[in-house]
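Open the model in your viewer and keep the selection tool at hand. We will go stop by stop.

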Amino acid sequence: MSTSDILLSYTFIILGIAAAAYLYHTVRSRSMGWEVSRPRLVRCSSCNRVFLVRRQAPVARCPRCKGVSSAYLSK
Ligand SMILES: [Zn+2]
């Protein structure tokens, strides 16, 4: 077995470890990570109050002034 073969096999081993670590991190963050869903976070159009809407609520009304709300975009 020549030196280039040994180096090539080491390269593949290191790449395999990196790919396994990336897959582990991806699966772990996908299963444990969470975030507030953006359509459920709305902003009142009259008093600018940002609040969360429950999943069952058909119409998102402002809890303070009962105004009409629109989707909140933080960007
Ligand atoms: Zn309001």
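Predicted model: local features only at pLDDT ≥ 70, side-chain atom pairs only at ≥ 80, totals over all residues.

**Start inside the sheet**

Move along to R43. Its opposite number in β2 is V50. Now show the whole of β1, residues 41-44; three bridges join this strand to β2, and the two run antiparallel.

Next, select the turn. β1 and β2 make a hairpin, with five residues between them. Stop at N48 in that turn, where phi is positive, about 60°.

Select V42 and then A71: A71 is the bridge partner of V42 in β3. β1 and β3 also pair in the antiparallel sense, over three bridges.

Colour β1 by face. Side chains in a regular strand alternate between the two faces of the sheet. Which residues lie on the covered face of β1, and which on the uncovered one? V42 and C44 form the covered face. L41 and R43 form the uncovered face.

Show all three strands. They form an open sheet in the order β2-β1-β3, with antiparallel pairing. β2 (50-52) and β3 (69-71) are the edge strands, each pairing on one side only. From one strand to the next, the twist averages 40°.

**Finish on the helix**

Select α1, residues 3-32. How many of its 30 residues are buried? The count is zero, so to speak of cover, α1 has hardly any.

Notes:
Residues numbered from 1 in each chain as written. Helix = DSSP H or I, 4+ residues; strand = E, 2+ residues; numbered from the N terminus. Expected span 1.5 Å × (residues − 1). Buried ≥ 20, exposed ≤ 12 C-beta atoms within 10 Å, placed from the backbone. Pairing = 2+ DSSP bridges. Axes fitted to C-alpha atoms, helices over the stretch in contact; angles between N-to-C directions.
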